[in-house]
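Please have the sequence and the model at hand while reading.

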Amino acid sequence: MPRDIVRRRQLRVREFVMIAVMSAITVLGNLLSFPVIPLQAGTGMVIICGIAFGPWVGAIIGMLSRLIVNFFTGQGVWTIWQMLSWGLLGAISGAVFAKVDIEAPRSRNFKMMIGPISAVLVMEIVAYISYLLWPNGESTFFGWRLYAFGFIGLIIGALILRKRMPADDVTLAVFTLMVVFIIYGGIMNIGTMFMSAMSTEEVSWSALKLLYITGAPFDIWHAVRAALFVFFFANAILTKLGRVKIKYGFYRINR
């Protein structure tokens with residue numbers, strides 16, 4: 001058997017083992033942090049894994065970890081939506097930080113985040129103006145506009161930031177705060193509407209708007225907890241993973 005085929009097979013086995021190990025760590029972190037400390041280690045680890053190993057592996061770890069977590073916390077229709085949300089977080093993180101060198105020394109370069117943050121803030125201001133002009137019977141601004149216009153701001157910010165995204169603690173924390181609130185929260189509110197429709201048989205724009213209003217505080221708290229975990233632990237974990245990748249020949253899997 002040719003040596004190159006053997007090497008490819010060995011690399012695949014190593015990648016599979018690493019996915020299993022990182023999924024187990026993510027599951028354990030999520031189960032331990034939820035009742036003990038005010039941090040969301042599970043969501044934070046999914047984002048870290050995406051940055052370290054690329055979008056495809058980040059998505060796999062996110063979906064697999066969420067599936068295993070729910071064997072302990074409870075399986076249901078919500079599992080599919082949670083797997084989708086965690087998978088997207090891993091994939092997006094891997095794509096945004098695709099060119100970052102996680103083995104390189106990290107220094108805080110918050111100036112590079114000014115563009116994306118400004119884009120999100122500007123779009124939220126536009127969202128508030130749209131609420132003032134066209135309230136559509138809504139009693140509060142804190143609803144679907146936060147997610148929809150925030151998502152548009154994320155896309156604009158990604159287009160603005162053409163340079164390499166730095167992987168320092170502040171940048172990772174701000175990135176986590178935005179994507180967890182907008183992506184995870186936005187998807188789970190839609191999922192909640194469809195899951196509620198199984199008993200109420202109501203799928204409507206009005207029902208979704210109400211879910212976004214009532215879900216915003218929980219989504220913000222989730223995002224803050226994940227951002228705090230990433231701020232305190234991401235650099236140390238990425239450094240360790242960088243050493244492991246060098247020692248065992250792992251590479252980011254972007255294919």
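The model is predicted. Two packed helices are described by the angle between their axes and the distance between the axes. In this model, the axes of α5 and α6 come within 7 Å, and those of α2 and α3 also come within 7 Å. The largest pocket holds about 560 Å³ of space.

**Helices α5 and α6**

- Helix α5 covers residues 114-133 and helix α6 covers residues 144-160, and their axes cross at roughly 150°.
- Because of this angle, α5 is roughly antiparallel to α6.
- The crossing of these two helices, α5 and α6, is right-handed.
- From α5, the contact is made by Gly115, Pro116, Ala119, Val120, Met123, Glu124, Val126, Ala127, Ser130 and Tyr131.
- From α6, the contributors are Arg145, Leu146, Phe149, Gly150, Ile152, Gly153, Leu154, Ile156, Gly157 and Ile160.
- By class, the α5 and α6 contact comprises 13 nonpolar, five polar and two charged residues.

**Helices α2 and α3**

- The axes of α2 (residues 41-53) and α3 cross at roughly 155°.
- The angle therefore makes α2 roughly antiparallel to α3.
- Helix α2 passes α3 in a right-handed crossing.
- On the α2 side, the contact residues are Val46, Cys49, Gly50 and Phe53, while α3 supplies Pro55, Val57, Gly58, Ile61 and Gly62.
- This contact of α2 with α3 has six nonpolar residues, three polar residues and no charged residues.

**The largest pocket**

- The space in the largest pocket is about 560 Å³.
- The largest pocket is lined by 22 residues, of which Gln82, Tyr184, Phe218, Asp219 and His222 are the closest to its centre.
- Two or more lining residues come from each of α1 (3-36), α3 (55-73), α4 (78-96), α7 (169-200) and α8 (205-248).
- Helix α8 gives the most to this lining, with eight residues.
- By class, the lining of the largest pocket has eight nonpolar, 11 polar and three charged residues.

Conventions: Residues numbered from 1 in each chain as written. Predicted model: local features only at pLDDT ≥ 70, side-chain atom pairs only at ≥ 80, totals over all residues. Heavy atoms only, no water. Axes fitted to C-alpha atoms, helices over the stretch in contact; angles between N-to-C directions. Helix = DSSP H or I, 4+ residues; strand = E, 2+ residues; numbered from the N terminus. Parallel < 35°, antiparallel > 145°, perpendicular 65-115°, else oblique. Left-handed = near helix turned anticlockwise from the far one by under 90°. Contact = heavy atoms within 4.5 Å. Nonpolar A, V, L, I, M, F, W, Y, C, P; charged D, E, K, R; others polar. 1 Å grid on protein atoms, 1.4 Å probe; cavity = no way out; pocket = protein on both sides within 12 Å on 5 of 7 lines; lining within 4 Å. Points joined across faces, edges and corners; volume = space filled by probe spheres on them.
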